Amino acid sequence: MRSASSWTITTPHTSLIDTRGIDSATRRRFRGTAPQPKIGYGSNKKTRHLLPNGYRRFLVHNPRDVDLLLMHNASFAAEIAHNVSSRKRLDILEKAKILGVKVTNAGAKVRSEEA
């Protein structure tokens with residue numbers, strides 16, 4: 001689903017707003033034009049933001065953030081932020097294992113030493 005004049009706008013921050021022009025072919029729903037945003041395109045509230053494994057994503061930046069998931073480890077899974085170093089990732093993974101929190105990207109930037 002695209003904005004009516006998305007092919008002419010070059011900025012990446014265009015929102016899907018309703019078309020306003022009096023002669024707009026998209027607003028008038030002519031054949032072959034892009035679909036407009038409608039309330040029916042929304043996701044089901046019960047399954048919105050659910051990952052395929054049934055958990056909801058919780059972004060973690062440091063080991064203290066994992067403590068927040070202690071009481072919610074059945075419904076939320078930790079996801080380590082992309083800018084966390086490998087040393088901190090090991091601390092986060094260790095803490096998550098102790099608390100029984102699932103980590104979705106546990107293998108990212110973590111390598112075993114090959115000697």
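Reader: How many salt bridges are there in this model, and what makes a pair count as one?

Author: The count comes to 2 salt bridges, where the rule asks for a side-chain nitrogen of Lys or Arg within 4 Å of a carboxyl oxygen of Asp or Glu. Mind you, this is a predicted model: local features need pLDDT of at least 70, side-chain atom pairs count only at pLDDT 80 or more, and totals for chains, interfaces and linings use all residues. Side-chain values use heavy atoms, without hydrogens or water, and residues are numbered from 1 along each chain as its sequence is written.

Reader: Why are Arg57 and Glu79 called a salt bridge?

Author: Their N to O distance is 2.7 Å, and the cut-off is within 4 Å, so the pair qualifies. Arg57 sits in strand β1 (residues 56-60) and Glu79 in strand β2 (residues 76-80), 22 residues apart. Strands here are DSSP runs of E, at least two residues, and helices are runs of H or I, at least four, numbered from the N terminus.

Reader: And what makes Lys95 and Asp67 a pair?

Author: Their closest N and O atoms are 3.3 Å apart, so they also pass the 4 Å rule. Lys95 belongs to helix α2 (residues 86-99) and Asp67 to helix α1 (residues 63-67), so the bridge ties together parts 28 residues apart in sequence.

Reader: How do you know whether Lys95 is buried, exposed or partly exposed?

Author: Buried means under 20% relative accessible area, exposed over 50%, partly exposed in between (1.4 Å probe, protein chains only). Lys95 has 28%, so it counts as partly exposed. Asp67, at 36%, is partly exposed too.
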